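Welcome! Open your viewer, get your selection tool ready, and let us walk through this chain stop by stop.

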Amino acid sequence: MAQRFGGKYSPDGSPDRDAKGAAARSAFQDARPAKSGARVNLLFLAPLPLAFSLFGGGATQLAVSMGALVLLLLAAWLTREGLQAEEAYDARKIAKAPAIPRKIFGSVATGLGLALGSYLTMGLGAVVVGVIGAGLHSFAFGLDPLRSKGAEGVDQFQQDRVARVVDEAERHLTQMTQAVAPLNDRQVTARVEAFQTTAREMFRTVESDPRDLTGARKFMGVYLMGARDATIKFADLYARGRDASVRADYLALLDDLDRNFASKTQTLLLDDRSDMDIEIKVLRDRLDREGVRMDQ
């Protein structure tokens with residue numbers, strides 16, 4: 001569906017500052033180019049010529065071509081899912097390795113698909129084609145993250161605890177996106193994405209220092225769950241009547257949530273700074289007691 005362009009200078013555009021005069025946050029702040037882009041889409045197109053060889057060559061050719069086509073399409077899907085999982089892994093400071101190495105399985109499926117597709121014309125030489133194809137796929141898209149990563153100096157229990165809370169919080173954000181997507185409202189979608197950016201800054205702050213989880217847990221759990229439920233209810237109500245007042249109330253709610261999450265994140269950062277200042281003071285006192293002067 002076509003969407004009317006809107007923005008700062010549009011008749012119905014929203015200003016670039018919030019109600020308290022703070023600069024509005026862009027939904028694209030800290031955004032990174034998606035790894036699962038045009039290259040992966042080409043993988044879905046590459047095996048389509050096999051569809052033309054499905055008929056006219058007998059039952060054997062039909063079975064072989066169909067099997068090769070399915071394997072190559074499966075490989076494309078696994079590769080795309082693997083790249084998306086890797087993006088989520090890279091974006092987080094504490095993350096578990098993907099449970100399923102999708103890109104590795106994609107490389108294997110690519111090799112099997114190429115080998116099967118060329119078997120009738122090349123015989124055993126198809127094995128070489130499959131090995132080369134699997135190797136090139138791995139070279140082009142890389143391997144999946146195979147090790148979990150965490151913060152330095154933090155025990156595994158705390159890292160697992162933070163990872164579970166962040167995973168649940170990310171599910172709430174995903175459900176918010178899914179709820180507003182059918183509305184095809186550009187401003188609402190952008191505002192939800194901007195709030196998600198603010199929320200994820202809190203996630204990254206907690207991942208940097210898991211001790212902050214106690215103070216942020218209500219925001220990452222109760223408040224995000226409430227935001228998700230409110231978003232689902234708004235999407236259902238707004239889709240039925242397109243009531244402008246309902247839309248305005250929901251956007252005002254997102255503004256309040258955004259300010260509160262940003263304020264809490266700043267508080268967590270200030271607490272971290274206070275902890276660092278205390279550590280520095282304690283270290284200086286110890287050095288003074290040992291007769292070591294910092295100005296020397």
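Helices here are DSSP runs of H or I with at least four residues, strands are runs of E with at least two, and both are numbered from the N terminus. You are looking at a predicted model, in which local features need pLDDT of at least 70 and side-chain atom pairs count only at pLDDT 80 or more, while totals for chains, interfaces and linings use all residues. Residues are numbered from 1 along each chain as its sequence is written, and side-chain values use heavy atoms, leaving out hydrogens and water.

**Stop 1: the whole chain**

Show everything as a cartoon. You will find eight helices and zero strands. Of the 296 residues, 32% count as buried (buried means under 20% relative accessible area, exposed over 50%, and partly exposed in between, with a 1.4 Å probe and protein chains only).

**Stop 2: helix α7**

Now select residues 213–241, which make up helix α7. How far apart are the end C-alpha atoms of α7? They are 40 Å apart, which agrees with the 42 Å that its 29 residues should span at 1.5 Å a residue. Look along the helix to Y223, where α7 bends by about 30° (the bend is the angle between axes fitted to the seven residues ending there and the seven starting there). Colour the buried residues of α7, including L213, M220, L224 and R228.

**Stop 3: T231**

Is T231 buried or exposed? It is buried, with a relative accessible area of 0%. A polar atom of its side chain lies 2.7 Å from the backbone oxygen of A227. Setting aside neighbours within four places in sequence, T231 is in contact (heavy atoms within 4.5 Å) with M176, A179, V180 and Y250.

**Stop 4: aromatic rings**

A pair of aromatic rings is described by the distance of the centres and the angle of the planes. Rings of Phe, Tyr and Trp (its six-membered ring) pair if their centres lie within 6.5 Å; planes under 30 degrees apart count as stacked, over 60 as edge-to-face, and the rest as tilted. By this rule there are five aromatic pairs. One of them is F219 with Y223, edge-to-face at 4.8 Å centre to centre and 85° between the planes. These two residues are four apart in helix α7, so about one helical turn separates them. F219 is buried, with a relative accessible area of 14%, whereas Y223 is partly exposed at 35%.

Next, select F234 and Y250, a stacked pair at 4.2 Å centre to centre with 5° between the planes. F234 lies in α7 and Y250 in helix α8 (residues 244–289), so the pair ties together parts that are 16 residues apart in sequence.

Finally, select F195, F219, Y223 and F261 together: they form one aromatic cluster.

**Stop 5: E170**

For the last stop, go to helix α5 (residues 156–180) and select E170. With a relative accessible area of 17%, E170 is buried. Apart from neighbours within four places in sequence, E170 is in contact with R200, F203 and R204.

Terms used. A polar contact is a pair of N or O atoms within 3.5 Å; within protein, one must be able to donate a hydrogen and the other to accept it, and residues adjacent in sequence count only if both atoms are side-chain atoms. The expected span of a helix is 1.5 Å times one less than its number of residues.
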